[in-house]
Amino acid sequence: MAPQHQFLTANDVAETLKVDVRVVWGLLKSGELRGFQVGGRKMWRIEASALEDYIARQYERTARDTGVSAAREPQSIPTAD
């Protein structure tokens with residue numbers, strides 16, 4: 001059986017991160033956040049696991065840069081149905 005993928009839109013990711021969708025587009029274009037375009041220019045899809053990876057890297061970066069442990073509580077990410 002093929003693996004199940006859960007895809008989010010750029011708007012879903014922006015809502016999860018509490019940022020403007022233009023920030024998400026910038027992360028996608030820079031490669032900091034993995035995703036791909038479908039259809040139109042601003043139609044991006046981001047796998048939920050890619051968002052989790054990005055968040056984990058940001059926690060690690062924050063801990064490294066500040067010397068403060070960035071303890072993290074697991075949180076669910078909304079899925080685009």
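The model described here is predicted. Helix H3 covers residues 48–66. With 19 residues at 1.5 Å a residue, H3 should span 27 Å, and the 27 Å between its end C-alpha atoms agrees with that expectation.

The buried residues of H3 are Ala48, Ala50, Leu51, Tyr54 and Ile55. Viewed down the helix axis, these buried residues fall within an arc of 160°, and they therefore line one face of H3. The partners against which they pack are strand E1 (7–9), H1, H2 and strand E3 (44–47). On the other side of H3, Glu60 and Arg64 are exposed.

Three salt bridges are present in the structure. One of them joins Arg61 to Asp65, with an N to O distance of 3.7 Å. Both residues belong to H3 and are four residues apart, about one turn of the helix. Arg61 has a relative accessible area of 39% and is thus partly exposed, whereas Asp65, with a value of 54%, is exposed. The side chain of Asp65 also meets that of Arg64 in a salt bridge, at 3.8 Å from N to O. Arg64, like Asp65, is exposed. Arg61, Arg64 and Asp65 are accordingly linked in a network of salt bridges.

A further salt bridge is formed between Arg22 and Asp20, whose closest N and O atoms lie 2.9 Å apart. The relative accessibility of Arg22 is 59%, and this residue counts as exposed because the value is over the 50% cut-off. Asp20, by contrast, has a relative accessible area of 38% and is partly exposed, since this value falls between the cut-offs of 20% and 50%.

Lys18 is not a glycine, yet its phi is positive, at about 60°. Most residues other than glycine have a negative phi. Lys18 is also exposed, with a relative accessible area of 69%.

Note on methods:
Residues numbered from 1 in each chain as written. Predicted model: local features only at pLDDT ≥ 70, side-chain atom pairs only at ≥ 80, totals over all residues. Heavy atoms only, no water. Salt bridge = Lys/Arg side-chain N within 4 Å of Asp/Glu carboxyl O. Buried < 20%, exposed > 50% of the residue type's maximum accessible area, 1.4 Å probe, protein only. Helix = DSSP H or I, 4+ residues; strand = E, 2+ residues; numbered from the N terminus. Expected span 1.5 Å × (residues − 1). Arc of directions from axis to C-beta. Contact = heavy atoms within 4.5 Å.
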